[in-house]
Amino acid sequence: SARDVDFETKIEELLDLGTEVLDLPYGFLSRIEDGTQRIEAAVGDHDLLRPGEECPLSEAYCRKTLTQDDAVTIHNAVVSGWEDDPAYDRFELGAYVGSKVVFGGEIYGTFCFAATEPREAEFTEFERTFVDLLARWASYELENRAANAELRRQNERLEEFASMVSHDLRNPITVASGYLKLAREEGEPEQFDRIEGALDRMERLVEDLL
């Protein structure tokens, strides 16, 4: 929840926390696009689970994760029938738990933890819920980051608009003020006081707008 910590740092810290809580050496956040899995962030020393690594979704454990609302768990890949699966052939993971990450109403990817060696016991309800919560947090942070980016773009457009209006209003104010100064030498003071009051009002409107 720390607002002064960027998204990437938070993800890495949560992946570290997850590997510690689950006692699994690998943790990663994946991005799924156009039938491809890309590792966005990762901890651990698995050669194929490093940031930037890609593979066809058909060869990834995460393809099963995308089809379920709750976390997918595999405590022993061989016992669970994954021995002949393309994902097992590619990554050789004996244990896996992952939950999908949703962004903008669409599937963004997955938040996962894994190990080469299988686990003796199945994943507990607490462990499944823990991974689900991490995935939901990632979904929220992605939504929040996108919303903040849109707010920044809107603010930039507002600043450009305010600058344009300020420029367009200040020019005639400057010209009118100059002519008013010259006209005071010959004109009626009461009428020119009204002009000056109107110009002052325009100046205040510009300041309020900015």
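Val 21 counts as partly exposed, with a relative accessibility of 33% (buried means under 20% relative accessible area, exposed over 50%, and partly exposed in between, using a 1.4 Å probe and protein chains only). Val 21 sits in helix 1, where helices (H or I, at least four residues) and strands (E, at least two) are DSSP runs numbered from the N terminus. This is a predicted model, in which local features need pLDDT of at least 70 and side-chain atom pairs count only at pLDDT 80 or more, while totals for chains, interfaces and linings use all residues. Residues are numbered from 1 along each chain as its sequence is written, and side-chain values use heavy atoms, with hydrogens and water left out.

On the surface, Val 21 teams up with Leu 17 and Phe 126 in a nonpolar patch with about 260 Å² of accessible area together. Accessible areas come from the Shrake-Rupley method with a 1.4 Å probe, and for residues only the protein chains shown count as cover. Patches take residues with over 30% relative accessible area and no salt bridge, joining nonpolar side chains (Val, Leu, Ile, Met, Phe, Trp, Tyr) within 5 Å and like charges within 9 Å. A salt bridge here is a side-chain nitrogen of Lys or Arg within 4 Å of a carboxyl oxygen of Asp or Glu.

Now for the salt bridges themselves: the structure holds 10 of them. Arg 38 pairs with Glu 40, their closest N and O atoms being 3.2 Å apart, and Arg 38 also meets Glu 54 at 3.3 Å, N to O. Because Glu 54 lies in strand 3 (residues 54-56) and Arg 38 in strand 2, this second pair ties together parts that are 16 residues apart in sequence. Another salt bridge joins Lys 100 to Asp 69, with 3.6 Å between the closest N and O atoms. That pair links distant parts of the chain, 31 residues apart: Lys 100 is in strand 5 (residues 95-103), and Asp 69 is in the loop between helix 2 and strand 4 (72-74). Asp 69 is exposed, at 65% relative accessible area. Back at Arg 38, salt bridges that share partners make one network of Arg 38, Glu 40 and Glu 54.

Other residues are tucked away. Ile 39 belongs to strand 2 (residues 36-43) and is buried, with a relative accessible area of 1%. Beyond its neighbours within four places in sequence, Ile 39 is in contact (heavy atoms within 4.5 Å) with residues including Phe 28, Leu 48 and Pro 51. Thr 65, in helix 2 (residues 62-65), is buried too, at 0%.
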